[in-house]
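Please look at the structure below.

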Amino acid sequence: MNAPVNYDSALEEARRDAASLPLSEIDVSDPTLFQNDVYYPYFERLRREAPVHYRKDGKYGSFWSVTKFKDIMAVETRPDIFSSEAKRGGISITDRPMEFRRSSFISMDPPRHDEQRKVVSPIVAPANLNNMSGIIRERVCRVLDSLPRDEPFDWVKLVSIELTTLMLTTLFGFPEENRHKLTYWSDVATQDVNAGGEVDSEEKRLEILTDAVRTFTAMWHDRAAKPPGFDLISMLAHGEATKNLVNDPAEFLGNLTLLIVGGNDTTRNSMSGGLWAMCKNPAEWQKLREDPSLVTSLVPEIIRWQSPIVHMRRTAVVDTELGGQHIKAGDKVVMWYISGNRDEDSIDRPNEFIVDRARPRHHLSFGFGVHRCVGNRLAEMQLITLWEEMLKRFPRIELLEEPERIYSNFIHGISRMMVRIPS
Amino acid sequence: MPKVTFIEHNGTPHTVEIAAGKTLMEAAVHNNIRGIDADCGGECACATCHVYVNAEWIAKTGLPAEGSQEASMLSFAAVTQPDSRLSCQITITPELDGLVVRMPEGQH
């Protein structure tokens with residue numbers, strides 16, 4: 001589905017709808033709100049009138065919406081109360097049938113989460129980020145130098161997907177020539193079964209991803225037989241807490257998709273959404289041209305603005321209270337990062353895109369607490385490098401039409417964005 | 001007001017004043033000391049205000065209690081050492097006047 005032809009009238013209609021619906025009928029889980037980019041007024045109303053809001057029997061079942069920054073932080077920092085365990089429901093608002101709930105370290109609570117996460121986290125330690133900075137810059141330069149001039153092209157395809165997928169090949173030690181498979185698996189792993197795409201059932205998803213398991217199982221046995229190397233598969237194969245992971249295909253697939261999606265989809269959409277935001281805010285782009293050192297605050301601002309992960313879900317394990325509401329054990333609790341990132345009580349002028357914010361990293365896009373994004377500094381480094389090299393080459397990039405966005409309430413994704421670079 | 005010193009990874013020292021009752025993290029952030037990111041704003045939820053406490057001060061600052069949220073978050077920080085602390089969890093008191101801490105290679 002394309003974005004509505006007349007975006008302004010669609011947003012106006014959403015404003016009327018959000019203002020007139022009874023609170024109990026507001027359902028922010030509807031993926032078309034994100035696909036059509038008209039979610040703002042619904043969250044504005046919830047933050048104002050019902051910051052911890054219960055929706056009974058919505059499109060994705062019954063759930064609590066947590067919409068303010070501080071309440072989200074309160075959920076993030078109590079994994080003992082708000083569980084991520086796959087068997088309780090995991091981290092997405094979608095309740096998959098039990099047989100399709102794949103565990104991974106993002107959908108585990110401490111202490112197992114801690115043991116598995118620590119195996120892979122050294123790949124993004126400061127010293128290794130320094131090691132990777134050269135290859136990242138070299139690829140950014142190569143990709144930008146190959147872009148067409150004076151003719152329309154899809155930024156998502158030629159830049160965002162290309163750069164983030166190349167990054168994945170490095171992280172996994174995956175053959176570069178087969179990199180399109182990583183993009184495909186990443187999209188398959190997250191596609192909403194109602195999106196109208198190839199993945200129309202959980203069975204279909206598993207069927208396609210079984211090919212990924214086969215590929216990575218072969219790589220695993222190859223790496224396990226060699227001395228430890230510095231790629232994610234080798235680290236998992238040699239890690240004390242994960243060395244038998246390959247024998248549990250469901251958990252192996254869970255962790256693979258976590259690392260593929262986490263290392264790919266999110267940064268991809270910030271690469272697209274960042275350019276979109278700058279095209280919509282030309283005065284901010286001008287500020288950056290005049291002072292390129294602002295890239296280090298531009299990038300966290302882009303990540304806040306895009307909010308690449310729309311929500312994370314938890315499940316209450318005991319009766320508890322949040323924002324004055326009584327949450328029962330077993331209730332589904334959804335933290336809407338995309339809303340907390342626009343919370344006027346925690347972020348100054350949240351609805352403005354500002355490239356020189358005083359504290360730009362004070363945003364929710366990476367999550368907080370024990371599940372905070374392990375690759376957050378790598379994501380920033382890729383985006384900083386991209387913008388540094390864009391600034392050197394292109395005084396202007398024109399947005400030719402509104403981007404096409406994906407049908408999802410989990411990944412805030414841009415699937416196509418036509419632009420032109422004037423020579 | 002108590003004085004505290006942050007030593008950057010490259011050896012550059014910064015000595016600043018901070019009122020008792022504030023945290024060590026706030027001393028860095030309010031004085032724009034690079035290398036203390038404090039993304040979460042002092043909630044002990046991001047481990048980007050990580051410091052190493054100089055040996056002579058460990059007795060006064062203490063170390064994170066086993067099983068505490070600070071210990072948990074620190075276990076995910078890069079390049080931790082036995083003297084690692086999150087500076088948002090150190091509240092400044094008159095006894096900490098003169099405190100010296102070092103910064104890791106990067107926050108993460």
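A:Pro111 is found in the loop between strand S3 (82-83) and H5 of chain A. This is a predicted model, and in it the peptide bond that joins A:Pro110 and A:Pro111 is cis, with omega at about 5°. Most peptide bonds are trans.

Helix H5 (112-120) of chain A also takes part in the contact with chain B. In that contact, 19 residues of chain A meet 16 residues of chain B. Helix H4 (69-76), helix H5 (112-120) and helix H6 (126-145) of chain A each supply at least two residues of the side that touches chain B. The largest share of that side, 3 residues, comes from H5(A). By residue type, the side of chain A that touches chain B has 8 nonpolar, 7 charged and 4 polar residues.

Chain B holds the next two backbone details. Phi of B:Ala38 is near 50°, a positive value in a residue other than glycine. For B:Cys44, again a residue other than glycine, phi is positive too, near 60°. Most residues other than glycine have a negative phi.

B:Ala38 has 23 other C-beta atoms within 10 Å, so B:Ala38 is buried. B:Cys44 counts as buried because it has 21 C-beta neighbours inside 10 Å.

Terms used: Residues numbered from 1 in each chain as written. Chains lettered and ligands numbered in written order. Predicted model: local features only at pLDDT ≥ 70, side-chain atom pairs only at ≥ 80, totals over all residues. Contact = placed C-beta atoms within 7 Å. Helix = DSSP H or I, 4+ residues; strand = E, 2+ residues; numbered from the N terminus. Nonpolar A, V, L, I, M, F, W, Y, C, P; charged D, E, K, R; others polar. Buried ≥ 20, exposed ≤ 12 C-beta atoms within 10 Å, placed from the backbone.
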